[in-house]
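Let's walk through this model together, one question at a time. Have a look at the sequence and the fold first.

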Amino acid sequence: MLFYSEAWTATPSSEECPECLLSLGLLQRAPDGSLVPIPPGLAADTLMRPLEAVIAEKQRTLATARASIHRAEEIYRSTYRTRNAPIREITGASVISAALASAVGSAQEELLTAQPGGGRPRELLEKALASDRVALDRGVRQRTIYQHTVRSHAPTLSYVEQILVAGGEVRTLNEVFDRLIVVDRKVAFIPDPAQERHTVALAIEHPGTIRYLVGIFEHAWERATPLLHTPTEHRPPLLTDETRQAILQLMVNGYTDESIAARLGMSTRTVANHVRKASEMLGSKSRAQLAYLIGKTGILTPGREETPLTTP
């Protein structure tokens, strides 16, 4: 400001003028090129009035937006309390994926997952592996139930191998009740049975319902067989005998090959092969005769060791 002070007592040199004095309007150039000092009040009025007008407009916009958001928040809370407090509907594959990622990313203690349907696509497994590793690294206990058919699915086995190394636990069953994800026993995600899979999910936060779902998971976990897969193994045991028993039991109960395949997470051809091999072993000529022979021989009776269901 020394230059500005001297400008009021002598003619300032235009070559030495600091640029900041010109930008603030404290000095202005006359038509002949000389510098003219301007009183601070006049300079401030010229410089700040446009800025103050812009700031005032931004403040009005901010106030309007804040009031609108506040009103929307009141409506949301009111609707959430009265209609969607314990259960929220999530629509759209991308929205469901984002909600699951957010929940898993915030897990602090436990992550329970049931994944029916056999092996999962490689790209989904790679995406899940990254977030699951992060959760395991921060001490989250992760337990996952798959169906027995993943024991012959290479991408799933690769994922399982890395999850086991990171500290996760994996078991398999013939049938898994349905897809379920429970985070810290505070929120659970399930598909909406009335809607097309992958398009609508339900986020459940009701404590009693979550306890019920966890109880179902724990019961399935106790019956499931641990999947212990290491790089030294080509593949874990396939549990063929147990799988064939499940297929034949469903067949005796009247299920078609297509419905059995959907329940057990395998292809229809695999189901047909198991039924064919059982028919060959029992000497049946039709599906109805096979069901009769299965009932007559009692090979599905728990604890019975006669007539093995697998070929030597």
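Q: Which loop holds Asp184?
A: Helices (H or I, at least four residues) and strands (E, at least two) are DSSP runs numbered from the N terminus. On that numbering, Asp184 sits in the loop between β7 and β8.

Before we go on, a word on the ground rules: this is a predicted model, where local features need pLDDT of at least 70 and side-chain atom pairs count only at pLDDT 80 or more, while totals for chains, interfaces and linings use all residues. Residues are numbered from 1 along each chain as its sequence is written, and side-chain values use heavy atoms, with hydrogens and water left out.

Q: Is Asp184 buried or exposed?
A: Asp184 has a positive phi of about 55 degrees although it is not a glycine. Buried means under 20% relative accessible area, exposed over 50%, and partly exposed in between (1.4 Å probe, protein chains only). With a relative accessible area of 13%, Asp184 is buried.

Q: What is the relative accessible area of Arg185?
A: Arg185 is also in the loop between β7 and β8, and has a positive phi of about 55 degrees without being a glycine. Arg185 counts as partly exposed, at 41%.

Q: Which residue in β6 is the bridge partner of Thr144?
A: Strands pair if DSSP finds at least two bridges between them. Five bridges join β5 (residues 141-147) to β6 (residues 169-173), and these strands run parallel. In β6, the partner of Thr144 is Val170.

Q: Which residue in β10 is the bridge partner of Thr172?
A: β6 is joined to β10 (residues 225-226) by two bridges, and the two strands run antiparallel. The β10 partner of Thr172 is Thr225.

Q: Which element gives the largest share of the lining of the largest pocket?
A: A pocket here is an open set of points on a 1 Å grid over the protein atoms alone, where a 1.4 Å probe fits, with protein on both sides within 12 Å along at least five of seven lines; lining residues have an atom within 4 Å of a point. The largest pocket is lined by 41 residues, with Leu100 and Arg179 among those nearest its centre. The elements giving two or more residues to this lining include α4 (93-105), β4 (110-114) and α5 (122-137). The largest share, six residues, comes from α4.
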